[in-house]
Amino acid sequence: MLDERIFREHYETILHMIRNLGIDNTDDFLRQELSNASREVAALREKILETKSNLDKKTNMDELRHIQYDLEDAQALLKNLLHKLRTADERYLCLKEYLRRNPIEFLYSHFLT
């Protein structure tokens with residue numbers, strides 16, 4: 001079950017999305033958001049690992065500092081992307097919780113129209 005604090009945090013956004021997009025399109029949008037965020041995190045993690053391996057191969061101090069700055073920037077970006085991924089995950093879980101709590105709306109949108 002979803003933490004109530006997280007549910008309340010995203011409830012208005014999810015409700016707004018459902019009203020504007022409908023349940024199916026909101027589900028599709030949130031799944032795509034989660035998928036995109038996951039891919040971004042995975043790609044950046046690979047880049048960080050590659051940068052770290054390049055760090056071991058350099059002997060020139062200027063090159064080392066440049067790679068270290070790139071690594072610091074990438075790690076800061078990773079932190080932001082992980083936050084984005086967590087938010088996307090929470091929003092998707094919030095949609096699922098909303099539908100669990102409001103089964104009539106889900107049934108109406110799928111079977112009664």
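These legends go with close-up views of a predicted model.

**View 1. Helix α1 and its bend.** Let's start with helix α1, which runs over residues 4-21. With 18 residues at 1.5 Å a residue, α1 should span 26 Å, and its end C-alpha atoms lie 24 Å apart, which agrees. Look for the kink of about 45 degrees, centred on His-10. His-10 is also one of the buried residues of α1, together with Ile-6, Phe-7, Ile-14, Leu-15, Met-17 and Ile-18. A handy reminder while you trace the helix: an α-helix has 3.6 residues a turn, so residues three or four places apart point the same way.

View 2. Now find Tyr-69, which is 60 residues away from Glu-9 along the chain. The C-alpha atoms of these two residues are separated by 35 Å.

**View 3. Where α1 meets α2.** Two packed helices are described by the angle between their axes and the distance between the axes. For α1 and α2, the angle is about 125 degrees and the axes are 7 Å apart. The two helices are therefore oblique to each other. Their crossing is right-handed.

**View 4. Along helix α2.** Next comes α2, covering residues 23-57. How far apart are the end C-alpha atoms of α2? They are 52 Å apart, which agrees with the 51 Å that 35 residues should span at 1.5 Å a residue. Buried residues can be picked out along α2, among them Ile-23, Leu-30, Ala-37, Leu-44, Thr-51 and Leu-55. The buried set also includes Asp-27 and Thr-26.

**View 5. Helices α2 and α3 side by side.** Here α2 packs with α3 (residues 61-101) at an angle of about 160 degrees, their axes 8 Å apart. That angle is over 145 degrees, so α2 is roughly antiparallel to α3. In the contact between the two helices, 22 residues are nonpolar, six are polar and ten are charged. α2 passes α3 in a left-handed crossing.

**View 6. Leu-82 and Ser-38.** Leu-82 belongs to helix α3. With a relative accessible area of 32%, Leu-82 is partly exposed. How many residues separate Leu-82 from Ser-38 in sequence? The answer is 44, and in space their C-alpha atoms are 8.6 Å apart.

Key. Residues are numbered from 1 along each chain as its sequence is written. This is a predicted model: local features need pLDDT of at least 70, side-chain atom pairs count only at pLDDT 80 or more; totals for chains, interfaces and linings use all residues. Side-chain values use heavy atoms; hydrogens and water are left out. Axes are lines fitted to C-alpha atoms, for helices over the stretch in contact, and angles run from 0 to 180 degrees between N-to-C directions. Helices (H or I, at least four residues) and strands (E, at least two) are DSSP runs, numbered from the N terminus. Angles under 35 degrees count as roughly parallel, over 145 as roughly antiparallel, 65 to 115 as roughly perpendicular and the rest as oblique. A crossing is left-handed if the near helix is turned anticlockwise from the far one by less than a right angle, and right-handed if clockwise. Ala, Val, Leu, Ile, Met, Phe, Trp, Tyr, Cys and Pro count as nonpolar, Asp, Glu, Lys and Arg as charged, and the others, Gly among them, as polar. The expected span of a helix is 1.5 Å times one less than its number of residues. The bend at a residue is the angle between axes fitted to the seven residues ending there and the seven starting there. Buried means under 20% relative accessible area, exposed over 50%, partly exposed in between (1.4 Å probe, protein chains only).
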